[in-house]
Amino acid sequence: MAISSIGVGSNLELGTLLTNLETAESQPLKLIQSKATSYTTKLSAFSQVQGALTALKTASDKLNSPSFFQTVKAAVSDPKILSAAAGETAAAGSYSIDVTQLAQPQSLVSAGQAGATTAIGSGKITVNFGTINGGTLDPATGQYTGAGFNADVSRPAAEITIDASNNTLEGIRNAINKADIGVTASIVNDGSGTPFRLVLASKRSGEASSMQISVAGDAALQNLVGYNPAGAQSMRQTAVAQDAKLNVNGIDITSSGNTVSEAIQGVTLTLATTGKTDLRTTSDTGTVSTAITAFVNAYNSLQSTSDKLTAYDAETKTAAALTGDQTLRTMLSRVRQTLTTPQPGGPKDMKVLSEIGITLQKDGTLAIDDAKLSKALSDNLPGVAALFTSETSGTSGFAKQMGALVTDLTSTGGALKAATDGIGSTLDDLTDQYNAVQKRVDATVARYRAQFTQLDVLVATMNNTMSYLTQQFAAMSNSTK
């Protein structure tokens, strides 16, 4: 007899009984799950601690460089003339700057054409870059007489093929731009009877980026774009390739561009127009103050994270994930010890953070007296630097020591790494235990199910037999009446 559901044939509550037995057998799984949840919560809590420590190390690393405390900022008296940016190697100083000429790229224009889509001629255009030497430039015609041209050997000549597919003014413009050879081509309409002119502009400024254009092919193409400062010039120069020229504290300087780097050590000048201005580079105590504040904030963030993860609610009798955790307690103790251990003392013998206005509060956080910090930075910047860092071979400095401590805590073998590795290993063990118990429960339930099925079939058969016999006895009784 086939039974589709346990208990249907026998009318016994075998399904409910099987479910209750499975629930009872699964109780160990709930215990394992509860343990896993607890360890996962703890692992997540340590992850938050890891994040806070990483932030503290980042803030420490910023201060752990003697050169950082030598950072300078640049101030220009007339920003219309130029702007200035000081880099890491810049030093404090004062400079008088006279910009007499801005750099610019060369620009050439062709003779006018009646149409921009009319075929002109085919051939090969070769463009060289270099310097125009000597000769005389006629401002009216834009052409040179008696000049020479020295090609820049570091910039190979570029070739452009003009054929039936691109031999119009528009096609030539497009071919030059597509070749990406350091020249921008465009077409202007001057409104004359032959209004369309091809304009070529070097992408680089400076004397060494003048163009020399030769053509092998139709004369019409030569007449359009041919340009040799030392020979025939079909195109007209409308802008001379020239270097920027400036004088810094009596020293003449030239630059192919208007961005001038290292004319003053560590300083980049961006020229805007000609004229005179003064430049001052001074210690950037504001940047240092910001970095010190970030260091304090990072420590306070670690402290608040720790407070949250070790809290205990007496009313609800609820403990946080790391309440009473010895690993976290030990790590925080080492961090505080690092912050409160006096340094050897640099210029003017600064040894502790309180000398620059940073003090430890009763709640374990740090507080900054901004006025005292500002005065310390202004009066004794080298001393403040020695308080946080030292040369590569040294080990002193709060920032250097804090960075080293965080690295030790979070590296292999460190306290935090060991704790998280241990939790991870425990979670792996719990997973194995869970799988083993689950397998055992499944086997037990399967055995119960088979036994109950047999019972169900047996009882159902007996019920059927009883029903049959009852009917037979009833029939016999009726026949004898």
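Colleague: What should I know about the model before reading residue numbers and side-chain values?
Modeller: The model is predicted, so local features need pLDDT of at least 70 and side-chain atom pairs count only at pLDDT 80 or more, while totals for chains, interfaces and linings use all residues. Residues are numbered from 1 along each chain as its sequence is written, and side-chain values use heavy atoms, with hydrogens and water left out.

Colleague: How many residues does helix H6 have, and how far does it reach?
Modeller: H6 covers residues 326–340, which is 15 residues, and spans 21 Å from its first C-alpha to its last. That is close to the 21 Å expected at 1.5 Å a residue; the expected span is 1.5 Å times one less than the number of residues. Helices here are DSSP runs of H or I with at least four residues, strands are runs of E with at least two, and both are numbered from the N terminus.

Colleague: Which residues of H6 are buried?
Modeller: Leu328, Met331, Leu332, Val335, Thr338 and Leu339. Buried means under 20% relative accessible area, exposed means over 50%, and partly exposed is in between, with a 1.4 Å probe and protein chains only.

Colleague: Where do they sit around the helix?
Modeller: Seen down the axis of H6, the buried residues fall within an arc of 120°, so they line one face. The arc is taken from the directions between the helix axis and the C-beta atoms. An α-helix has 3.6 residues a turn, so residues three or four places apart point the same way.

Colleague: What covers the buried residues of H6?
Modeller: The cover includes helix H2 (27–63), helix H5 (285–309), strand S22 (366–368), helix H9 (398–410) and helix H10 (415–479). Contact here means heavy atoms within 4.5 Å.

Colleague: And which residue caps the N-terminal end of H6?
Modeller: Aspartate 325, with a side-chain oxygen 3.0 Å from the backbone nitrogen of threonine 327. A polar contact is a pair of N or O atoms within 3.5 Å; within protein, one must be able to donate a hydrogen and the other to accept it, and residues adjacent in sequence count only if both atoms are side-chain atoms.

Colleague: Back to H2. What does phenylalanine 46 touch?
Modeller: Phenylalanine 46 is found in helix H2 and is buried, at a relative accessible area of 1%. Not counting residues up to four places away in sequence, phenylalanine 46 touches Leu322, Asp325, Thr327, Met331, Leu416, Ala419, Thr420 and Ile423.

Colleague: Sheets next. In what order do the 4 strands of the open sheet come?
Modeller: The order is S10-S11-S4-S13, with antiparallel pairing. Two strands pair if DSSP finds at least two bridges between them. Strand S10 (183–189) and strand S13 (236–239) are the edge strands, each pairing on one side only. The twist averages 30° from one strand to the next.

Colleague: How many bridges join S10 to S11?
Modeller: 7 bridges join S10 to strand S11 (residues 196–202). Valine 199 in S11 is the bridge partner of serine 186. Helix H3 (residues 169–179) packs on this sheet, touching S10 and S11, and its direction makes about 155° with that of S10. Axes are lines fitted to C-alpha atoms, for helices over the stretch in contact, and angles run from 0 to 180 degrees between N-to-C directions.

Colleague: What about the loop between H3 and S10?
Modeller: Aspartate 180 lies in that loop. Aspartate 180 is exposed, with a relative accessible area of 53%, and has a positive phi of about 50° although it is not a glycine. Most residues other than glycine have a negative phi.

Colleague: Last one: what does the side chain of serine 255 reach?
Modeller: The backbone oxygen of glycine 257, at 2.7 Å. Serine 255 lies in strand S15 (residues 251–255) and counts as buried at 12% relative accessibility.
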